[in-house]
Amino acid sequence: MSVLEFIKVVILGIVEGITEWLPISSTGHMILVDEFIKMDMTTEFKDFFLVVIQLGAILAVVVLYWSKLWPFYIRQIPKKKKAQIARKNPFSRIVLTFVEKFCDKDKWILWFKIIVACIPTIVIALPFNDFIEEKFNNYVVVAIALIVYGVIFIIVENYNKRRKPICTSLEDLSFATAFKIGIFQVLSVIPGTSRSGSTIIGGILVGTSRTVAAEFTFFLAIPVMFGASLLKLVKFGFTFTPAEVLTLVTGVVVAFFVSIIAIKFLMGYIKKHDFKAFGWYRIVLGVLVMGYFVGKISLDN
């Protein structure tokens, strides 16, 4: 890999790390970056790389929120609980002893909520993923989605000023609310929508605080993005050139470190501000995307 190609990969990693978590559409930004930074790689590998680079972003969430996500520990079982378990049948004693000694039940419940929220995407979006990529992954759809969801962000935040959130912690998040947020995530299959943007809007509309909506969005990304990366890997195959391996590793590592910064920024930002600034940004970006490509086509003709 040449120095120039290395710099290009670093830039893509930076863009992915920032735009994956801020509700501004990573796809919209990648389209612009791809227009101005032409990578020296096959189309098939580029499509694979732009998905798998998300693994760095996932790892950032895991590292930052490890204490909230890791569902195992080792602890002593209280004597009263031991006595209760001792009255059960042998099989129940084994299971209950394991759960009480090694499992953090609250974190397991959180993971079950994440799984429930993934169901709509698995059932509705996954079967049509290839069709959507083929038909909708273009600048017109991306620009329209950027603008429309930018307007929605502003409307939702104005509406939300008159409401108090009914869910202010992940522990208060019900399975029904998690499922509703998962339905909003389905909307993100349209390029330019933003997965984080869809789920954050959904969370706010169903009554969660901005913090809960953002954190649950981060956690929901883990199985979704890991699954998408795994599917791309299976389709692409497991054979890579040394240059392709270096490209993947560089992109993932850069996306990881930039994602950590982006996540910390977003969580600090929403403690004092709403999401309207991101809405306006999306509108401006959508107009720029549309204007640029329409102008380019006009000049070509």
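The lining of the largest pocket splits into 20 nonpolar, 16 polar and 10 charged residues. Classes first: Ala, Val, Leu, Ile, Met, Phe, Trp, Tyr, Cys and Pro are nonpolar, Asp, Glu, Lys and Arg are charged, and the others, Gly among them, are polar. This is a predicted model, so local features need pLDDT of at least 70 and side-chain atom pairs count only at pLDDT 80 or more, while totals for chains, interfaces and linings use all residues. Residues are numbered from 1 along each chain as its sequence is written, and side-chain values use heavy atoms, with hydrogens and water left out.

How much space lies in the largest pocket? About 1,400 Å³. A pocket here is an open set of points on a 1 Å grid over the protein atoms alone, with protein on both sides within 12 Å along at least five of seven lines; lining residues have an atom within 4 Å of a point. Points are joined across faces, edges and corners, and the volume is the space filled by probe spheres set on them. The lining has 46 residues, and T27, V51, Q54, N129 and E133 lie nearest the centre.

Which elements supply at least two residues each? They are α1, α2, α3, α8 (105-125), α9 (129-136), α12 (195-205) and α13 (210-236). The largest share, eight residues, comes from α13. Helices are DSSP runs (H or I, at least four residues), numbered from the N terminus.

Next, the second largest pocket. It holds about 200 Å³. Its lining is S67, K68, D106, K107, I109, L110, K113, L170 and E171. Two elements give two or more residues here: α5 (66-69) and α8. Helix α8 gives the most, with five. By class, that lining has three nonpolar, one polar and five charged residues.

A cavity is a set of grid points where a 1.4 Å probe fits but cannot get out. A search of the whole structure finds one of 30 Å³ or more. The largest cavity contains about 40 Å³. L12, M30, D34, M39, K46 and L50 line it. Helices α2 (26-36) and α3 (43-52) each give two or more of its lining residues. Four residues of this lining are nonpolar, none are polar and two are charged.

On to the helix pair. Helix α1 (residues 3-19) packs against helix α14 (residues 242-269) at about 35°, with axes 7 Å apart. Axes are lines fitted to C-alpha atoms over the stretch in contact, and angles run from 0 to 180 degrees between N-to-C directions. The crossing is right-handed, meaning that the near helix is turned clockwise from the far one by less than a right angle. Contact means heavy atoms within 4.5 Å. From α1, the contact includes F6, V9 and G13; from α14, it includes T247, G251 and V254. Those contact residues divide into nine nonpolar, six polar and one charged.

Last, two single residues. S26 lies in α2. Is S26 buried or exposed? S26 counts as buried, because its relative accessibility is 14%, and buried means under 20% relative accessible area (1.4 Å probe, protein chains only). Beyond four places in sequence, S26 touches E16, T19 and E20. T177 sits in α11 (residues 175-186). T177 is also buried, with a relative accessible area of 14%. Leaving aside neighbours within four places, T177 is in contact with V206 and T208.

Note on methods
Buried < 20%, exposed > 50% of the residue type's maximum accessible area, 1.4 Å probe, protein only.
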